[in-house]
Amino acid sequence: MVKILVVEDERIIALNLTENLESLGYAVVGIAASGEKAVEKATQLCPDLVLMDIQLKGNIDGIQAAEQIWESLSIPVIFVTGHSDQSTLERATIIAPFGYILKPVKEKELSVAISIALQRYEREQLLSAILRGMGDAVIVVDKEHRVKSLNKVAESLTGWQVSEARERLLTEVLNLVDEQTQQPVDNPVTAALQQDAILYLRENTLLMSKNGTTIPIGDSAAPIKDNKGALAGAVLVFRDISDRKRAELAIRQQLEKEQKLNQLQTQFIHTVSHEYRTPLSVILACSHLLENNVERLDTEKQLRNCQKIQNSVKYMVELLENVWLYKQAESGQLKLNPARLNLQKFCSQLVEEYQLMHSDRQEIQFILRGKRTTACVDKKLLQQILGNLLSNALKYSPDKGTVSITMTCKNNRVIFQVCDQGIGIPLEDQPHIFEPFHRAANVDVIRGTGMGLAIVKKAVDIHGGEISFESEVDVGTTFSVILPMVQAEPSSVTLPEFK
C-alpha cells in the first residue's frame with residue numbers, strides 16, 4: 001500500500017485530504033503543519049509520496065520543505081495549494097514537483113495526480129538506477145544548458161554533488177581544457193544542440209575538476225528530444241581515459257625504444273665494419289711489404305711496419321672489448337663487484353702505462369689531493385672510466401700538449417678530473433655526448449667509435465656516482481667523475497640492448 005504524508009496547516013483541510021486518500025486506498029502515515037515538521041516526519045516515516053501545501057507556518061514554506069525532502073530523501077512531492085499566482089508557480093516549477101493541485105481538492109483529480117506522480121517517479125528511479133549502474137559518467141542538461149542530473153561517476157570525476165550542480169550552467173560543472181595549450185575547449189553540448197547531432201569530444205581534452213585536478217576524458221554528447229521531436233536538452237556521456245592514455249604512452253615509448261634500438265644496431269654494424277676496415281688494411285699492407293720485400297727493407301722500416309701491425313691489432317682488440325661490454329648488456333646485466341683498492345697506486349700505474357704509449361706526443365700529469373687513498377670500488381669498471389677518459393683526452397689533444405688527471409678524496413667521496421687542452425666539444429654536441437656511437441662534429445678523421453663515453457656513463461651510474469664536463473672548442477675539456485668511496489652492496493645496471 002502506498003504511504004502518503006500530508007503537510008497542511010489547516011486542520012480541517014488536512015483531515016479532509018486524509019479521508020479522501022484513505023477512500024482511494026492509500027495509507028496516510030502522518031500529518032505535518034509546518035515545513036520543519038514536514039522534513040522531520042518525512043525523515044522518520046519514509047513515505048512514498050508527500051502532499052504539500054505551499055503556504056505553511058514556520059520558517060520555511062512548502063516549496064523549501066519539498067526541496068529539502070527531495071534532495072535528502074528523493075521522495076516525490078505534489079503541491080496542494082490555493083495559490084496559483086505566477087510567482088508561486090515559477091518558484092514551484094524550479095524544483096520540478098511531481099504534481100500541482102489547486103484547492104479545493106476533488107477526489108478524482110487527487111487520484112489522477114497521485115497515479116501520474118507515482119508512475120513518473122518509478123520511471124525516474126529506474127532511469128536513475130541505470131545511470132548509477134553505468135561505468136561512464138552521465139550529465140543531463142536542458143536546452144538552456146542547465147544541469148538536471150548527473151550520476152555518481154560524473155560526481156566523482158567533476159567533484160560536484162548533484163545537489164549543488166543542479167540548475168547550474170554545464171560550463172560551471174564541466175570545465176574542459178586542451179591538454180596541450182591548457183586553454184578552454186568548446187563544450188560539445190552546445191554544438192550537439194545547435195547541430196541536432198551526436199558530437200564527440202575532441203582529442204586531448206582534459207576535465208578540470210572542482211578541486212583543480214585534471215583528468216583526460218573522452219566520449220560524446222547527444223541531443224534529447226521530447227515526444228513531439230522538439231529539442232528538450234542533451235546528454236553528455238564521458239569516461240576517464242587515463243588508463244588508455246597510459247597504455248598509448250607505453251606503446252609509443254616501446255615503439256620509440258625499438259626504433260632507437262634498430263638505429264643503434266644499424267649504427268653499430270656500420271661503425272664496427274668501418275673501424276675494422278682501416279686496421280685490417282694496414283695489417284695486410286704491412287704484412288705484404290714484410291713478406292715480399294724482407295731483403296730490401298732495412299731494420300728500421302721492418303720495425304716500423306711491425307709497429308703498425310701491432311698498433312692495428314691493439315686497436316681491434318680494444319674495439320672488441322667495447323663490443324663485448326655491449327654484448328654483456330644484450331645477454332643480461334653488467335654487475336658491480338666492489339673491492340678495496342689503493343687509488344693512488346692504481347692511478348699512478350694507469351698514467352705510467354699511458355705515458356709509455358704516448359711519450360713522444362703528450363705529457364700526462366697525475367695530481368693527488370687529500371690524504372686518503374683507499375676506496376671500495378669496482379677495479380674493472382674504474383679502469384673503463386679513467387681509461388676511456390684518459391684515452392680521449394690524449395686522442396683529441398695536440399702534440400706536445402699536457403693532459404692531467406687529478407684525484408681528490410673528501411667527505412667519503414673520490415673525485416677524478418681528467419683535463420686536456422684539445423679540440424673541445426661543440427655546444428650542439430654536448431647534450432648527446434654520452435649517447436652510444438655519437439661523435440662530435442669536429443673530430444674530423446680522428447679514429448673512434450663513439451662507444452667510450454657511453455660506457456663511462458654507465459660505469460659511473462652503476463657505482464651510484466655522477467659525471468659532468470666543461471668544454472670549449474679549441475680550448476679543452478675537463479671531465480669530472482664523483483664516486484662514493486664505500487659501496488654498500490653489489491648492484492647492477494643494464495646497458496643499452498643490442499640484438
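Modeller: Among contacts (heavy atoms within 4.5 Å) in the protein chain between residues at least 6 apart in sequence, 62% join residues at least 24 apart. The model is predicted, so local features need pLDDT of at least 70 and side-chain atom pairs pLDDT 80 or more, while totals for chains, interfaces and linings use all residues. Residues are numbered from 1 along each chain as its sequence is written, and side-chain values use heavy atoms, leaving out hydrogens and water.

The protein chain contains 14 helices and 21 strands (DSSP runs numbered from the N terminus: H or I of at least four residues for helices, E of at least two for strands). Of its 499 residues, 43% are buried, that is, under 20% relative accessible area with a 1.4 Å probe and protein chains only.

The second largest pocket holds about 1300 Å³ of space. A pocket here is an open set of points on a 1 Å grid over the protein atoms alone, with protein on both sides within 12 Å along at least five of seven lines, and lining residues have an atom within 4 Å of a point. The volume is the space filled by probe spheres set on the points, which are joined across faces, edges and corners.

The lining comprises 41 residues, of which Trp-70, Glu-124, Lys-148, Ser-149 and Arg-166 are the closest to the centre of the pocket. By class, 18 lining residues are nonpolar, 10 polar and 13 charged (Ala, Val, Leu, Ile, Met, Phe, Trp, Tyr, Cys and Pro are nonpolar; Asp, Glu, Lys and Arg are charged; the others, Gly among them, are polar).

Helix α5 (107-133) is one of the elements that supply at least two lining residues each, and with seven residues α5 gives the largest share. The helices α3 (62-73), α4 (86-94), α6 (152-158) and α7 (162-165) also supply at least two each. Among the strands, β6 (137-142), β7 (147-150) and β12 (231-240) do likewise.

Leaving aside residues up to four places away in sequence, Ala-38 touches Leu-5, Val-7, Ala-32, Met-52 and Ile-69. Glu-8 is 30 residues from Ala-38 in sequence, yet their C-alpha atoms are 9.2 Å apart in space.

How values were computed. On a 1 Å grid over the protein atoms alone, a cavity is a set of points where a 1.4 Å probe fits but cannot get out, and a pocket is an open set with protein on both sides within 12 Å along at least five of seven lines; lining residues have an atom within 4 Å of a point. Buried means under 20% relative accessible area, exposed over 50%, partly exposed in between (1.4 Å probe, protein chains only).
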